[in-house]
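Here's a friendly walk through one protein model, for anyone meeting it for the first time. Have a look at the sequence and the structure, and then we'll go through a few spots together.

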Amino acid sequence: MKYLDEFNDPKLARRLLDEIRATATRPWALMEVCGGQTHSIIRHGIDQLLPDEIELIHGPGCPVCVTPLECIDKALEIAARPDVIFCSFGDMLRVPGTDRDLFRVKGEGGDLRVVYSPLDALQLARRHPDKQVVFFAIGFETTAPANAMAVHQAKRLGLANFTLLVSHVRVPPAIEAIMTAPACRVQGFLAAGHVCSVMGMAEYPELAERHRVPVVVTGFEPLDILEGIRRTVRQLERGEHRVENAYARAVRADGNPAAIRMIEEVFEVTDRNWRGIGRIPGSGWRLSEAYRAFDAEHRFDVTGIRTEEPAECRAGEVLQGLIKPTDCAAFGTTCTPRTPLGATMVSSEGACAAYYLYRRMSEPALPHEEMNPVG
């Protein structure tokens with residue numbers, strides 16, 4: 001396949017669905033750990049087209065959603081300072097902190113810039129030597145190389161007015177936390193293709209073997225996801241638990257060695273809090289000692305912030321796959337994209353936002369024969 005529309009072919013989708021239906025002989029629960037995959041699944045109704053034996057559980061795959069509340073509050077405090085130009089991707093602006101969001105800080109006079117790359121923030125630091133320029137560095141392994149490169153360049157250029165507020169998280173420790181949770185029902189994983197395109201697949205075989213779960217690296221288009229599900233179900237039915245690459249057009253076993261080297265030079269592994277989930281050992285990155293001078297958290301002395309999630313928000317349970325968004329009483333009523341209680345409703349990759357955007361306001365699904373697969 002060469003073109004995007006080929007990955008939306010209804011005939012091929014029906015063929016894959018027929019194969020999945022013919023393969024599944026018992027119930028299986030699979031988890032995707034990628035917000036982009038979640039949105040594709042809900043947008044195209046893939047979960048509703050699958051046979052009743054297959055349940056898709058939405059995992060903590062949205063980097064905006066898992067950024068901890070205390071980190072959002074640190075961003076708010078830094079961004080409100082008069083000597084700061086605070087730079088962020090646009091999807092962070094409406095993520096609620098304890099009592100406001102970055103959009104409100106901007107409305108109150110904070111110099112907040114939406115950028116498309118951390119290198120944009122680096123250029124701002126060069127053009128405004130009288131200001132402290134802070135970039136909000138969040139995300140999974142996918143965004144880490146560019147953020148690492150920005151700090152590497154800042155050090156090389158001697159830019160003393162550039163820092164990162166870092167909240168990077170790593171997928172494999174999250175899978176470990178999911179599998180060791182008492183309420184875990186997950187029997188197989190669809191691994192995020194963009195993460196593996198950077199890091200490769202080396203960390204997954206040990207997880208698959210120890211927890212006896214198949215892990216299939218999967219893309220983001222409808223046929224990518226159906227093929228990932230087909231391979232995962234086939235392994236489960238055979239009693240296998242291997243790592244498979246169903247996204248070979250983008251993922252190599254060793255990932256991107258140059259990107260990995262840059263990450264390893266600039267960052268070091270640390271424990272990290274995940275919003276709504278809690279602390280996961282070894283699940284994040286922070287700036288290494290050689291680059292610690294570029295750490296905004298320490299430069300602006302915002303290390304002591306403590307927070308508490310709103311009781312009515314069940315985003316943590318959504319992120320852990322314990323409930324669907326429609327199981328939350330606030331969904332679509334007191335919690336909407338305009339008035340979000342949690343990040344899963346406001347983020348462009350959040351499960352709650354996907355259900356709201358594509359009008360999945362209630363369950364159960366429509367009968368399979370009434371639906372038109374992937375358009």
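Where is arginine 212 found? Arginine 212 sits in the loop between helix 11 (204-211) and strand 8 (215-218). (Helices, H or I with at least four residues, and strands, E with at least two, are DSSP runs numbered from the N terminus.)

A quick word on the ground rules. This is a predicted model, where local features need pLDDT of at least 70 and side-chain atom pairs count only at pLDDT 80 or more, while totals for chains, interfaces and linings use all residues. Residues are numbered from 1 along each chain as its sequence is written, and side-chain values use heavy atoms, with hydrogens and water left out.

**Two loop residues with positive phi**

Back to arginine 212: although it is not a glycine, it has a positive phi of about 55°. Aspartate 301 is not a glycine either, and has a positive phi of about 50°. Aspartate 301 has its place in the loop between helix 14 (296-299) and helix 15.

Are these residues buried or exposed? Arginine 212 is exposed, because its relative accessible area is 56%, and aspartate 301 is exposed at 60%. For the wording: buried means under 20% relative accessible area, exposed means over 50%, and partly exposed is in between, using a 1.4 Å probe and protein chains only. Here are some values of this kind:

| Residue | Relative accessible area | Class |
|---|---|---|
| Arginine 212 | 56% | exposed |
| Aspartate 301 | 60% | exposed |
| Glutamate 264 | 58% | exposed |
| Arginine 210 | 40% | partly exposed |
| Histidine 241 | 15% | buried |
| Tyrosine 247 | 12% | buried |
| Phenylalanine 135 | 0% | buried |

**Around histidine 241**

Histidine 241 lies in the loop between helix 12 (222-238) and strand 9 (243-245). With a relative accessible area of 15%, histidine 241 counts as buried. What does its side chain make a polar contact with? The partner is the side chain of glutamate 209, at 3.3 Å. (A polar contact is a pair of N or O atoms within 3.5 Å; within protein, one must be able to donate a hydrogen and the other to accept it, and residues adjacent in sequence count only if both atoms are side-chain atoms.)

Leaving aside neighbours within four places in sequence, histidine 241 is in contact with Ala208, Glu209, Arg212, Val213, Pro214 and Gln235, where contact means heavy atoms within 4.5 Å. So our positive-phi arginine 212 turns up again here. Arginine 210 lies in helix 11.

For another spot, take glutamate 264 in helix 13 (residues 257-266). Glutamate 264 and valine 33 are 231 residues apart in sequence and 23 Å apart in space, C-alpha to C-alpha.

**Aromatic pairs**

How many aromatic pairs does a search of the whole structure find? There are 6. Rings of Phe, Tyr and Trp (its six-membered ring) pair if their centres lie within 6.5 Å; planes under 30 degrees apart count as stacked, over 60 as edge-to-face and the rest as tilted.

One of the pairs is phenylalanine 89 with phenylalanine 135: the ring centres are 5.4 Å apart and the planes are at 80°, so the pair is edge-to-face. Phenylalanine 89 lies in the loop between strand 3 (84-88) and helix 6 (102-107) and phenylalanine 135 in strand 5 (residues 132-139), so the pair ties together parts that are 46 residues apart in sequence.

Phenylalanine 220 and tyrosine 247 form another edge-to-face pair, 5.8 Å centre to centre with 85° between the planes. Since phenylalanine 220 is in the loop between strand 8 and helix 12 and tyrosine 247 in the loop between strand 9 and helix 13, this pair ties together parts 27 residues apart in sequence.

A search of the whole structure finds 3 cavities of 30 Å³ or more. On a 1 Å grid over the protein atoms alone, a cavity is a set of points where a 1.4 Å probe fits but cannot get out, and lining residues have an atom within 4 Å of a point. Grid points are joined across faces, edges and corners, and a volume is the space filled by probe spheres set on the points.

The largest cavity holds about 80 Å³. Of its 13 lining residues, Cys313, Arg314, Cys328, Cys335 and Cys352 are the closest to its centre. Helix 15 (315-319) and helix 16 (343-346) are the elements that give two or more residues to this lining.

Notes
On a 1 Å grid over the protein atoms alone, a cavity is a set of points where a 1.4 Å probe fits but cannot get out, and a pocket is an open set with protein on both sides within 12 Å along at least five of seven lines; lining residues have an atom within 4 Å of a point.
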